[in-house]
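Open the model in your viewer and keep the sequence panel beside it.

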Amino acid sequence: MNFVALKMLTGDRAKYLGLVFTIAFCTFLLENQSSIFAGILRRTGSQIADVTDAEIWVMDPKTEYFDQTKRLKDTDLDRVRGVEGVRWAAKLFKGNPVARTLDGKFDVAICLGLDDATLAGAPRKMLLGSWERLREPDSVVIDKAGYVLLFPGEPLQLDRTLELNDHKATIVGISDASAPFASYPVMHARYNQAVNFVGRERTELSFVLVRPQPGIDPAGLCRRIEAHTGLRARTSDEFQWDCVRYYMKNTGIPVNFGITISIALIVGVVVAGQTFYIFTIENLKQFGALKAIGVTNWRITGMILLQALTVGVMGFSLGSGLCAAFFAITLNNLATRGLVLMWQNVIGTGVAILLVVVIASLISIRRVLFLEPAAVFRG
Amino acid sequence: MSSAEIAVQCREVRKEFGKADAKVLALRGVDLDVSYGAMTLLVGPSGCGKTTLLSVITGLLNSNGGEVTVLGEQVERLPGRQQILFRRKNLGFVFQQYNLLPALTAAENAAVPLLADGVPRRKAVEKAKHLLDTLGMVDRMNALPSELSGGQQQRVALARALVHKPRLLVCDEPTAALDAETGHAVMKLLEAEAVRPDRAVLVVTHDNRIFGFADTIARMDDGRIVEVESGLRYGDRAGLAAD
């Protein structure tokens, strides 16, 4: 009877395509909006993710997310180094100088100061130039998006100069740093150089980056650092999640995306449910005839569920394909870089679509199950 | 008539709809025998209870009293699933409005009872095609119901009712939606293909143009059988068979 169910479904082409496109639209919206939402939230910790050679971040005990920094004392670096299980610890400075080009174009920048000796904490991928040139005086490495922002329409070029809080800086490299939450240029310099760019204060140390000794569990070492120093220590993953949680709790972003996602779900359930219901009602006499002939309620339930799942799979595949195409097209745009279709969102959307089609089919199934087979004799 | 010759036996069957003041007595103690090897017509004016009786006999409605024995089984006493399986295996239906599935071809529609019984699709459709062939539908096997005339659709419905070789065939106003000529042709086919010594045919109708096909005519009025005429064409059919 599966064959009968599928022919019944595809026989009414207009409704069949209507259902498929409704589910596809719902899938596209759900995957698209939830992936952009997740991508934007992931950007809140992208400078943490870019640091691949350290696994632990140590900060002021009250720090909640990356952009909120309170200076540590220089001696804190040595205290962290003294904790058992620490292989090495390096300092990291973070400041927000104003970057200005010679043409007068300016923007607030994220300036990260890397340990002078080791340059620990630098993103690995360079598009132009080399990290080693950071050892030159007044040098910075800028990310490509930041370069395009400050020098719009101009080719990537090294040795250009700009001002950082009225200090002259020379671009010695262009990196592929991950997109930050706000569209600020991301610059890397040596620690002492970065401190100079931003302006010296009584204390300057923003974070201590730590690499555990081989075989030492990073999460366990975090707890030990906290116990020994009274500072806050987080693994890279934990710190990124701290940032996500902070923005979820303190911004309107989840509400905005939540409304869009809810509308997609409601539209999906209502339109798919209504179309599927009409489809079933129009076939009610045929279902009545099948019941009279001796097709059980279970079999009819199975037929309707098969129809609903077929529509669901077709619509979900089409919607996912469209969404994947959308992200493939926008992947190389500077504004949308790093926003990708995440597999978790695909699975989540799949579950949501399954719920949509099951709810839509349950409304129809109820009508068919309560249909009296004798009704088939009533003209 | 011995019980072995009787396919359907109704005794004092009652059926009521609604409650209290709105109660309607649709069947008021119906007695009816339907024999194997014969075509029984259940006739009477609209609203006399013909369709209700048909629904009770086929187990689609439960009675409120009396006894209904179909092919030796008291269908109402069977558990729900067994009742459905009994219907699937032993009963064939022809409906007034055909009730063909619009997305299936004629052959696929005719194969539905076999598909419902788990017969593989290819085999089911083959059997259905063979039967449609004998019903004169050889050129229209792959046509959709919307591409068929009323008479052709009713022939497909007849094939669907017979394809699984049921022992009781029930037809609800099979000619009501057809013109006289087509209705006559359908009844001729019904008589030729459906009436068998091991099968009973019960036809509900108020189309007096087809009364000539009956072996037995049971007249209903106001929820009761008021008159039964038997042995009307048995001799003719026996003669035809001998020829």
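Leaving aside its neighbours within four places in sequence, which residues is A:Ala54 in contact with? Select A:Ala54 and look around: the contacts are A:Ala90, A:Ala120, A:Gly121, A:Leu209, A:Val210 and A:Arg211. Keep in mind throughout that this is a predicted model.

**Stop 1: A:Ala54**

A:Ala54 sits in the loop between helix 3 and strand 1 of chain A. With 24 other C-beta atoms within 10 Å, against a cut-off of 20 or more, A:Ala54 is buried.

**Stop 2: strand 1 of chain A**

Next, select residues 56–59 of chain A, which form strand 1. Show the side chains: A:Ile56 and A:Val58 point one way, A:Trp57 and A:Met59 the other way, and all are buried. Strand 1 of chain A has antiparallel pairing with strand 11 (residues 207–212) of chain A, over three bridges. It also runs antiparallel to strand 12 of chain A, joined to it by four bridges. Which residues are the bridge partners of A:Trp57? In strand 11 of chain A the partner is A:Leu209, and in strand 12 of chain A it is A:Arg234.

**Stop 3: helix 8 of chain A**

Move to residues 236–250 of chain A, helix 8. Colour A:Phe239, A:Gln240, A:Asp242 and A:Cys243, which are buried. Because they cover an arc of only 150 degrees around the axis, they lie on the same side of helix 8 of chain A. An α-helix has 3.6 residues a turn, so residues three or four places apart point the same way. What covers the buried residues of helix 8 of chain A? The cover includes helix 3 (46–49), strand 1 and strand 12 (232–235) of chain A.

**Stop 4: helix 10 of chain A**

Select residues 284–293 of chain A for helix 10, where nine of the ten residues are buried. Among them are A:Lys285, A:Phe287, A:Leu290 and A:Lys291. The buried residues of this helix pack against helix 11 (297–330) and helix 12 (343–369) of chain A, together with helix 2, strand 5 and helix 4 of chain B. Just after helix 10 of chain A, look for A:Gly294, which takes a positive phi of about 120 degrees.

**Stop 5: across to chain B**

Show both chains: 25 residues of chain B are in contact with 19 residues of chain A. On the chain B side, the elements giving two or more residues are helix 1 (50–57), helix 2 (80–90) and helix 4 (112–116). Helix 2 of chain B gives the largest share, five residues. By type, this side divides into 15 nonpolar, five polar and five charged residues.

Finish in chain B with strand 5, residues 91–94. Here B:Leu91 and B:Phe93 point one way, B:Gly92 and B:Val94 the other way, and all are buried. Strand 5 of chain B pairs in the parallel sense with strand 6 (residues 168–172) of chain B over four bridges, and B:Phe93 stands opposite B:Val170 in strand 6.

**Last view: confidence**

Colour chain A by pLDDT: the mean is 89, and 99% of its residues reach 70 or more. Among the elements of chain A, strand 12 has the highest mean pLDDT (96) and helix 9 (residues 253–282) the lowest (83).

Methods
Residues numbered from 1 in each chain as written. Chains lettered and ligands numbered in written order. Predicted model: local features only at pLDDT ≥ 70, side-chain atom pairs only at ≥ 80, totals over all residues. Expected span 1.5 Å × (residues − 1). Buried ≥ 20, exposed ≤ 12 C-beta atoms within 10 Å, placed from the backbone. Arc of directions from axis to C-beta. Contact = placed C-beta atoms within 7 Å. Nonpolar A, V, L, I, M, F, W, Y, C, P; charged D, E, K, R; others polar. Pairing = 2+ DSSP bridges. pLDDT = per-residue confidence, 0-100.
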